[in-house]
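The model is a predicted one.

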Amino acid sequence: VMSKRTFNIFSFFSGAGFLDLGFELEGHYDVVYVNEFHKAFNDVYKYSRERMGLPEPQYGHHVEDITKLLEPEKIILLQRQIEESKKRRLTGIIGGPPCPDFSVAGKNRGKDGENGKLSGTYTEIICQTHPDFFLFENVKGLYRTARHRAFFEQLKNQFRVSGYSLTEKLINTLEYGVPQERERI
C-alpha cells in the first residue's frame, strides 16, 4: 500500500511535540528525527506519541544541546541522515528556536542572549545539512526593533546564500482556530 505521506521531517526545539503533531495530523509528513534539550519535554513527547499510536522517529530522539550538533562528527552524521532521507522523500527541518531574547515581554538581549544565539545555530544547521525545505518559527519581536530586524535580515541572507528561496509571513494563531492570540513569524 502506497503511503500518502510524502515528506520527512527533522524536528528541532521539539518541546512536547505540538508543532510536529500539527505537521503529522495534516497527513503528508512523518517526523523521522527529534531534537529537544530538556529530557522532561522529550519524555512527554514520547509518551503522547505512544498513546496516539504514532511511530518512533526513524533516526531517534536526541536529548542534547543543539550547539553540539555543529561538532564535526555530529554534523557529518546529521548530513548523512538527511541525505539518506532525501533519497526517499522530500525532507525538511522544522523548529522554533527559543524566543525570549527577541520577545517584547522577554529580556530583549537579541542575538547575543543565551537563547538568541540558538537562532544562529539553527540557521547554521540548516545551511550545512541542506534539507529540501525548512520552517523557522519565531516571535514577531524579530520584526519590531532595528537591532533584532538586522539580525533577522542577516539570518535570511545566510539562507539565500545557501540557495534557499524564502517566504515569510506574520500569522496569528487565532486565524487557525487556536483559542489563543499569538503572533509568530
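I looked up the sheet. I found five strands in an open sheet, ordered β3-β2-β1-β4-β5, with parallel pairing. β3 (61-63) and β5 are at the edges with a single partner strand each, so one side of each has no neighbour in the sheet. On average, neighbouring strands are turned by 20° against each other, direction ignored.

β2 and β3 run parallel and are joined by three bridges; Val34 has His61 in β3 as its bridge partner. Gly92 is opposite Phe133 in β5.

I then looked at the faces of β5. Phe134 and Phe136 are on the covered face, while Phe133 and Leu135 are on the uncovered one. In a regular strand, side chains alternate between the two faces of the sheet.

For the helices, I noted that α2 (residues 39-52) lies across β2 and β3, at about 155° to β2. α3 lies across β1, β2 and β4, at about 155° to β1.

Last, I looked up the cores. The largest nonpolar core has 26 residues, and Phe10, Phe12, Ile66, Leu78, Ile93, Tyr122 and Ile125 touch the most other members. Elements supplying at least two residues each include β1 (7-12), α3 (72-88) and α4 (116-129). α4 gives the most, five residues. Which residues does Leu78 touch, leaving out those up to four places away in sequence? I listed Phe10, Phe12, Tyr33, Ile125 and Thr129. I also noted a second, separate core of seven residues, among them Ile9, Tyr29, Val34 and Tyr45.

Technical notes. Residues are numbered from 1 along each chain as its sequence is written. This is a predicted model: local features need pLDDT of at least 70, side-chain atom pairs count only at pLDDT 80 or more; totals for chains, interfaces and linings use all residues. Side-chain values use heavy atoms; hydrogens and water are left out. A nonpolar core is a set of buried Ala, Val, Leu, Ile, Met, Phe, Trp, Tyr and Cys residues joined through side-chain atoms within 4.5 Å. Buried means under 20% relative accessible area, exposed over 50%, partly exposed in between (1.4 Å probe, protein chains only). Helices (H or I, at least four residues) and strands (E, at least two) are DSSP runs, numbered from the N terminus. Contact means heavy atoms within 4.5 Å. Two strands pair if DSSP finds at least two bridges between them. Axes are lines fitted to C-alpha atoms, for helices over the stretch in contact, and angles run from 0 to 180 degrees between N-to-C directions.
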